[in-house]
Amino acid sequence: MAQEGYEMVRYADDAVVCCRTETEAQKALAEIAAWTELAGLKLHPTKTRIVSAVGKGGFDFLGYHFERYQNGSGMKWPRDKSRKKLRDKLREKLHRGRSGSIADTITEINPILKGWFGYFKFSVPSAMKDADQWVRERVRQIVRRRHKRRGIVKRRERIEYPNRWFETQGFYSLEKAQAKWIQSQMGHH
């Protein structure tokens with residue numbers, strides 16, 4: 001259905017139509033609304049909108065947040081709802097009173113991290129770094145509680161359990177996985 005002046009990207013019943021101007025976007029929206037009405041369908045009133053992808057704000061689509069900049073480059077990262085969903089799923093496995101070895105805990109959360117990475121690997125690297133840091137802090141909270149220490153994770157736990165310690169425990173680092181994936185995409189195996 002790509003018409004002159006715009007491009008449509010769709011996935012199942014979700015779609016993004018990219019246009020150069022707001023006038024083109026209005027025209028495209030009118031055409032799509034007419035087409036869906038002929039098919040006996042209706043566009044979702046709150047999800048259907050025209051936004052500028054240039055500058056702050058961008059738009060969310062299929063779990064990602066997209067923004068495009070004046071220089072033509074663009075970035076995407078997991079939208080807030082996607083990050084919250086990951087954290088909620090991991091919280092079930094990373095509660096402070098959890099029993100069992102840290103290695104077993106990490107073995108249990110690694111498949112969740114691998115699955116999340118599989119979908120969100122196209123994100124900016126800072127998204128992976130933030131997720132890794134959040135998981136490490138949760139594991140440090142478990143360790144802190146086992147040592148009968150009160151309160152939040154402090155410098156002491158970060159020194160006793162540095163990032164490299166997590167590697168020895170088998171932690172699947174999203175940041176390192178993405179760096180390897182990017183390297184493989186560039187042909188530097």
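Below are my entries, from the whole chain down to single residues.

**Ground rules**

I am working with a predicted model, where local features need pLDDT of at least 70 and side-chain atom pairs count only at pLDDT 80 or more, while totals for chains, interfaces and linings use all residues. I number residues from 1 along each chain as its sequence is written, and side-chain values use heavy atoms, with hydrogens and water left out.

**The whole chain**

I looked up the secondary structure and found seven helices and five strands. Here helices (H or I, at least four residues) and strands (E, at least two) are DSSP runs, numbered from the N terminus. Reading along the sequence, I wrote down the pattern β-β-α-β-β-β-α-α-α-α-α-α. The radius of gyration is 22 Å, well over the 16 Å from the globule rule for 189 residues, so the chain is more spread out than a compact globule. For that entry, the radius is taken over C-alpha atoms, and the rule is 2.2 Å times the number of residues to the power 0.38.

I also noted the box that the C-alpha atoms fill, roughly 65 × 40 × 25 Å along the principal axes. Of the 189 residues, 31% count as buried; buried means under 20% relative accessible area, exposed over 50%, and partly exposed in between (1.4 Å probe, protein chains only). Next came contacts, meaning heavy atoms within 4.5 Å. Among those between residues at least 6 apart in sequence, 50% join residues at least 24 apart.

**The core**

Which residues touch the most other members of the largest nonpolar core? I found Leu 90, Leu 94, Leu 113, Val 135 and Leu 174, out of 26 residues in that core. Such a core is a set of buried Ala, Val, Leu, Ile, Met, Phe, Trp, Tyr and Cys residues joined through side-chain atoms within 4.5 Å. The elements giving two or more residues to the core are helices H2 (80–93), H3 (102–120), H4 (125–146), H6 (163–168) and H7 (174–185). H3 supplies the largest share, eight residues.

Leaving out residues up to four places away in sequence, Leu 94 touches Thr 105, Ile 109, Trp 134, Val 135, Arg 138, Val 139 and Ile 142.

**An arginine under cover**

Is Arg 136 buried or exposed? Arg 136, which sits in helix H4, is buried, with a relative accessible area of 7%. Not counting residues up to four places away in sequence, I listed Asn 163, Phe 166, Phe 171 and Ser 173 as the residues that Arg 136 touches.

I placed Leu 62 in the loop between strands E3 (59–61) and E4 (64–68), and at 28% relative accessible area Leu 62 is partly exposed.

Lys 148 also has a positive phi without being glycine, near 60 degrees. Lys 148 is in the loop between H4 and helix H5 (155–160), and with a relative accessible area of 74% it is exposed.

Last, I checked Val 54, in the loop between helix H1 (22–38) and E3. Val 54 counts as partly exposed, at 34% relative accessibility. How many Å lie between Val 54 and Thr 105, C-alpha to C-alpha? I noted 42 Å in space, for two residues 51 apart in sequence.
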